[in-house]
Amino acid sequence: MTDKSQTVNLDDPKLYINRELSRLQFDKRVLEEALDETHPLLERVKFLSIFASNLDEFFMIRMSGLRRQMAAKVLETPPDGMKPAEQLLAIREQLLPVLETHSKCWHKDVRPKLKEAGIEVLRYDGLKRKQCKLLRQYFEREIFPTLTPLAFDPGHPFPHISNLSINLAVVIDDPQHGERFARLKVPRVFPRLLRIPSEEKADSYESLGLVEEASSNFVWLEEVIAANLDLLFPGLNVVAAYPFRVTRDADPDIEEDEASDLLLAIEESVRLRHFGSAIRLEIETGTPDRIRDILVSNLELAPYQVYTKDAPIGMADLVELTKIKRPDLKDPPFLPAIPPSLTTGESIFSAIKQRDIMLYHPYDSFAPVVDFLRQAARDPDVLAIKQTLYRVGPNSPVVAALMRARENGKQVAVLVELKARFDEESNIGWARALERAGVHIAYGLVGLKTHAKLLMVVRREGDGITRYIHMSTGNYNDVTARTYTDIGLFTCDPAIGADVSDLFNALTGYSLKQEYHKLLVAPGLMRRQLLERIERESERHRQHGDGYLAFKMNHLVDKACIQALYRASQAGVRIDLQVRGTCCLRPGLPGVSENITVTSVVGRFLEHPRIYYFRNGGDEVILLGSADLMPRNLDRRVEQLFPIEDPQLKEAIRDQILSVHLRDNMQARRMLPDGSYERLQPQEGEPELNSQMWMIEHRGLWNEDD
């Protein structure tokens with residue numbers, strides 16, 4: 001039999017999907033959820049908003065990176081071989097029809113259905129006289145004092161346009177000087193969608209601010225401002241006002257090794273985010289060429305960086321509509337489960353001492369994690385608490401518990417990752433608050449992001465010191481724990497406790513340690529250890545024919561890992577991959593990946609766990625953790641993967657989590673060799689299976705006793 005691995009060059013660029021184009025495929029899957037009429041109406045609005053928000057981030061980070069490569073003439077050739085200019089061209093080509101679909105979904109489908117449901121987003125020119133009068137009063141008293149028109153002429157330089165702000169390009173007819181141009185920023189201190197009463201209730205300015213929740217008429221803020229510009233430019237004729245929006249490079253370089261104070265350096269980088277190079281200009285259909293040319297010239301943009309669309313621009317702000325109290329237009333709520341072992345009245349430490357406990361959020365409650373910290377804070381036998389924080393969220397009960405622990409005399413050390421993108425300001429605030437409370441604060445290792453999710457409680461017990469550990473695939477964030485799917489584990493396994501202690505010491509002190517008892521840690525040996533396990537499965541299959549791998553993750557980009565999976569497929573190993581987002585591996589290629597399937601589940605919750613399953617001849621290995629198979633995770637972040645060793649939990653992850661998601665035929669899409677996706681449907685005689693709905697209906701099953 002011919003060894004396929006000897007006949008195929010695994011460095012061939014044709015074997016790889018471009019990372020940026022794969023990311024766009026994910027955004028298309030998000031948009032498909034907005035198009036899906038089986039979702040409640042306000043959930044469809046949510047997906048429209050998520051699509052727009054994702055695209056903003058894509059331009060700020062990924063597109064800006066490609067532009068920087070071109071400007072520096074330092075071209076990083078990805079495994080697929082596409083040059084930056086080729087990628088930029090392909091991205092625009094693929095993106096334009098998707099943007100058209102997004103716009104049509106709002107204007108032709110969702111917005112009319114909202115109106116039928118009693119929620120109307122009105123154009124200003126469609127308002128009644130009394131409503132316009134009311135809004136003018138509101139404009140005069142509330143909005144007008146916050147506005148600052150900035151002229152653009154030989155005496156006034158072109159003003160800076162801050163990142164993602166909504167602006168009006170105002171054209172004025174000056175009797176003395178002719179046509180003038182001014183920029184007006186729409187202030188962010190007001191809702192983008194102003195709630196207004198019906199004409200019957202539009203009696204006074206005060207009624208605008210006291211509209212009852214049942215009232216669901218809205219108007220775009222920029223249209224209210226545009227309709228009242230005569231008050232801002234008295235004595236002049238306002239010809240027109242054209243909305244526009246600029247996206248800037250939001251990924252400034254931070255010279256950590258040269259910064260004397262990392263916190264101050266990160267603060268400065270956040271400030272500079274508003275001043276990065278312009279990457280994209282969005283204008284509305286109908287904007288005259290001369291206005292577009294003024295903007296393009298002064299923002300130093302190329303024509304391909306201009307995107308024209310029907311109003312409104314900046315549709316991420318549609319998320320404001322999801323706050324309307326209309327439960328009939330939203331997904332039905334459910335009560336998250338709590339493991340029975342944590343409801344007996346015993347301390348959580350006693351429960352963990354008996355056996356490992358798994359939480360699968362949001363189907364399981366996040367409350368036990370907070371309770372774990374709160375009990376530790378007040379337990380007189382607890383000596384110390386150590387934790388990593390990546391994305392914390394507002395009003396965090398986790399941070400409050402850490403502060404209380406310090407007040408109660410515990411030794412508390414927290415590693416706060418300041419470089420968590422778009423959460424830097426929040427994390428800086430929490431770091432300072434914790435430091436004021438007397439908590440030992442560390443910011444991690446120079447040049448690396450600490451992405452590992454670790455929590456350790458050191459407790460004095462009759463037989464000595466016990467380390468209680470919580471590890472997770474997701475953040476210690478009680479808000480996202482309701483919308484992200486993640487798996488956490490409580491354990492007091494001594495070997496894992498020793499590993500976590502060593503890892504914390506490496507993060508807060510100095511260490512060259514790479515070998516751990518049970519954890520796989522990056523950077524360092526994680527990639528090699530994963531590759532060894534994949535190769536072990538290949539060797540097992542060559543000898544016994546029963547090799548099987550099943551990985552569930554957010555992204556698959558790392559070339560070495562992809563090549564290892566290709567080699568395993570060539571050896572005959574069956575491989576099921578569920579990759580929610582970016583996937584650079586091509587499945588189904590003859591002689592390379594015909595034994596590999598790739599699916600992606602996009603639905604009500606953001607699929608976020610990383611699960612790596614190796615059949616290993618029946619001696620199954622399951623690793624969970626924070627790391628995707630990407631160079632950034634394996635080389636530039638501190639990550640951990642931890643083993644599931646409890647037989648019952650191992651079986652639950654295999655049969656009730658991993659297997660169910662891999663069999664999803666309602667929310668899953670199958671990746672095709674060309675990088676596109678097709679939605680799966682039940683085959684004849686096959687029951688429908690929506691994995692997320694199955695988890696809601698069977699929540700807590702994985703923690704039931706045999």
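Predicted model: local features only at pLDDT ≥ 70, side-chain atom pairs only at ≥ 80, totals over all residues.
Residues are numbered from 1 along each chain as its sequence is written, and side-chain values use heavy atoms, with hydrogens and water left out.

View 1. Helices (H or I, at least four residues) and strands (E, at least two) are DSSP runs, numbered from the N terminus. Helix H3 covers residues 84–116. Its 33 residues should span 48 Å at 1.5 Å a residue, and the 46 Å between its end C-alpha atoms agrees with this; the expected span is 1.5 Å times one less than the number of residues. A kink of about 35° is centred on Trp106, the bend being the angle between axes fitted to the seven residues ending at a residue and the seven starting there. Gly118, with a positive phi near 95°, follows H3.

**View 2. Strand E21 between its partners.** Two strands pair if DSSP finds at least two bridges between them. E21 (residues 596–601) pairs in the parallel sense with E20 (residues 574–579) over four bridges. E21 is joined antiparallel to E26 (residues 668–671) by three bridges. Thr599 is the bridge partner of Gln578 and also stands opposite Arg670 in E26. Five of the six residues of E21 are buried (under 20% relative accessible area; exposed is over 50%, partly exposed in between; 1.4 Å probe, protein chains only), so the strand is largely enclosed by the rest of the structure.

**View 3. Charges over rings.** A charge sits over a ring if NZ of Lys or CZ of Arg is within 6 Å of the ring centre and within 35 degrees of the ring normal. Lys46 lies over the face of Phe47, 4.7 Å from the ring centre.

**View 4. Aromatic pairs.** Rings of Phe, Tyr and Trp (its six-membered ring) pair if their centres lie within 6.5 Å; planes under 30 degrees apart count as stacked, over 60 as edge-to-face and the rest as tilted. The structure holds 18 such pairs. Among them, Phe152 and Phe181 are edge-to-face, 6.0 Å centre to centre with 85° between the planes. Phe152 is partly exposed at 23%, whereas Phe181 is buried at 7%.
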